[in-house]
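Biologist: Please take me through this entry step by step, giving the general idea before the particular case.

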Amino acid sequence: MAIFKQAKFFWASIVVSLVLFAVVQFLITGGMLNLFYVNTLVFIAINIILAVSLHLIIGITGQFSIGHAGFLAVGAYASGIITMKLELPFVTALIIGGLVAALAGFIIGFPSLRLKGDYLAIATLGFGEIVRILFLNLDYVGGASGMQVNHLTTWPWVFGCMLVAILVIVNFTNSTHGRACISIREDETAADAMGINTTYYKVTAFVIGAFFAGVAGGLYAHNFYIIQPSNFGFLKSFDILIFVVLGGLGSLSGSVISAILLTVISTFLQDYPETRMIIYSLVLIVVMLYRPQGLMGTKEITSVFSRGQKLKGGKKDGKGQTVA
Amino acid sequence: MELIQQLVNGISLGSIYALIALGYTMVYGIVKLINFAHGDVFMVGSFVGFYSITVLHLPFIVSLILSMAVCAVFGVLIERIAYKPLRNATRIAALITAIGVSLLIEYGFIYVRGAQPEAYPGDVLPEHAIHIFGAKINSQSLLILGVSVALMIILQFIVHKTKIGKAMRAVSFDAEAARLMGINVDRTISATFAIGSALAGAAGVAFGVYYIKIEPLMGVIPGLKAFVAAVLGGIGIIPGAMVGGLLLGVIESLVSAFGYSLWRDGAAFIVLILILIFLPSGLFGKYKREKV
């Protein structure tokens, strides 16, 4: 019975999202949305993909990675090379962008996931910087002046990718593998002792997260006419991190909601970049001081509708270690 | 002879990194927090030095001390306002707050003052070129090295010979036990922030004198590299930060000397990742196994 209910809920949400898609698509083809709004919608969808991909790494598996823009950059450049230099279709570019980013995730994740907490954060930060410097010095992709990319990203593409990303990550979280990841977040030593192969699951989560960040990178690259290494600095990683943290570490719907909210806010503050950063950083500090669990905590928006049994991973906040 | 000159440049740069790294390492040792805002304290110190030299017309040493004092107060304010309420929060919450504070200082500073860079006047320090073994060594780089070494000696004295230094060592060893022994932990943590920030302020002035150009976002990259230096030497270990800083400066200069100057910034992060993978507790640290 419960399984039947869950399946019904699943199909209901698919239908709702398809209706949403159709309405927006109708508005776009009917010319009722101007380019500014369409662009904002595309941006929101790309940011949602980034937010849920990082949510899998930080929120579910508890591995604090702050170099996500590195995977974004790898995906963006890889897919740019596919469409511009090899002139293959966009769909191959997206998939290969994702795969190359996943490979980068594996290469960086396998050694560095032995590290914990702060050290992992710094290692991933260093990785993000190395990727940026690498593209800065590669003449094949234009170095500092950047690479020309065609505008191919359209609303159906971003919506499709977003839907796939959310579906994969939700289903992964609710599977055996996802439970294993949650147990790592709660207590890595205990999970290890219960026979969970922690390295395997950490690397898996990292690779899946990197894959979707790479796909988002492909969409991001083909939404602009040019990509430059400076687009993928530490601040970009920070932008993605704040979606996940503000939404609530461990809450997928929280990440989605805060990705939507913050994208809209930053679109309106585009002309005042300093003000935007000041507001961002103040929000971040205030949230950490007064509501460290984020907007949603570990709750999902769906649990509002279906009360009772649900598979929350208990209280989040990983190690429960204290400062000082 | 080019090489010797590069080595000397590397040591001067490294001593600036070492001064910043000391603040990171002391704060990490005592509250287990990566103080991302430390690089911005360095930036503020550089600007205080700049204004006291150009606007107040103070001599170099007085500007250096003024900048250290302002940074010490600033560091304590950051600690009291942002970090103190998070003493018992999770590590992630503290780390994110630190990133937030860093961005707030950077962009708040740009908002108030504007993003345009400034140039330190060239005549702050007398400039002679000294020729040793055919290499031309700038007297400024020797003076910077001298200031750094003097500050490190003072720091060693404070940490090992004074009461507050003893309290700092006790708190970093075990904060709870230190509290039970009657040590005022809050005040000790504030003192640590004050000393670390003062060193960052001194590094800021030295950086301005040596590299001339300063700007509001100048703290980000040296801050990150100083953190790399702290990890390289073993985070939480004071002599480790000094050695790590000098070593990192020399590595960077050698990378430029061999013609890969565009890879300079990358070198530090590659060193970081290698160190984290092969020697996670740094050159001077001891590896501790986690026990349950």
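Biologist: What radius of gyration would a compact globule of 292 residues have, and what is the value for chain B?

Modeller: The radius of gyration is taken over C-alpha atoms, and the globule rule is 2.2 Å times the number of residues to the power 0.38. For 292 residues a compact globule would have a radius near 19 Å, and chain B agrees, because its own value is 19 Å. Along the principal axes, the C-alpha atoms of chain B fill a box of roughly 60 × 45 × 35 Å. This is a predicted model, in which local features need pLDDT of at least 70 and side-chain atom pairs count only at pLDDT 80 or more, while totals for chains, interfaces and linings use all residues. Residues are numbered from 1 along each chain as its sequence is written, and chains are lettered from A and ligands numbered from 1 in the order in which they are written.

Biologist: What pLDDT does chain B average, then?

Modeller: The pLDDT is the predictor's confidence in each residue, from 0 to 100. Chain B averages 86, and 95% of the residues score at least 70. For the complex, the predictor gives an ipTM of 0.80 and a pTM of 0.85.

Biologist: Which elements of secondary structure does chain B have, and how many helices are there in chain A?

Modeller: Helices (H or I, at least four residues) and strands (E, at least two) are DSSP runs, numbered from the N terminus. Chain B comes to eleven helices and four strands, and chain A has 13 helices and two strands. The radius of gyration of chain A is 19 Å, close to the 20 Å that the globule rule gives for 324 residues, so chain A is as compact as a globular protein of that length.

Biologist: How many residues of chain B are in contact with chain A?

Modeller: Two residues are in contact if their C-beta atoms, placed from the backbone, lie within 7 Å. By that test, 44 residues of chain B are in contact with 38 residues of chain A. The elements that give two or more residues to this side of chain B are helix H4 (91-113), helix H9 (220-233) and helix H11 (264-278) of chain B, and H4(B) gives the most, with 16 residues. The residues of this side divide into 33 nonpolar, six polar and five charged, where Ala, Val, Leu, Ile, Met, Phe, Trp, Tyr, Cys and Pro count as nonpolar, Asp, Glu, Lys and Arg as charged, and the others, Gly among them, as polar.

Biologist: What percentage of the residues in each chain is buried?

Modeller: A residue is buried if 20 or more other C-beta atoms lie within 10 Å of its own, exposed if 12 or fewer, and partly exposed in between, with C-beta atoms placed from the backbone. Buried residues make up 54% of the 292 residues in chain B and 48% of the 324 residues of chain A.

Biologist: Which residues touch the most other members of the largest nonpolar core?

Modeller: A nonpolar core is a set of buried Ala, Val, Leu, Ile, Met, Phe, Trp, Tyr and Cys residues joined through C-beta atoms within 7 Å. The largest has 198 residues, of which A:Ile49, B:Ala202 and B:Val228 touch the most other members. Its largest share, 16 residues, comes from helix H1 (residues 2-31) of chain B. Leaving out residues up to four places away in sequence, A:Ile49 touches A:Cys161, A:Met162, A:Ala165, A:Phe212, A:Val215 and A:Ala216.
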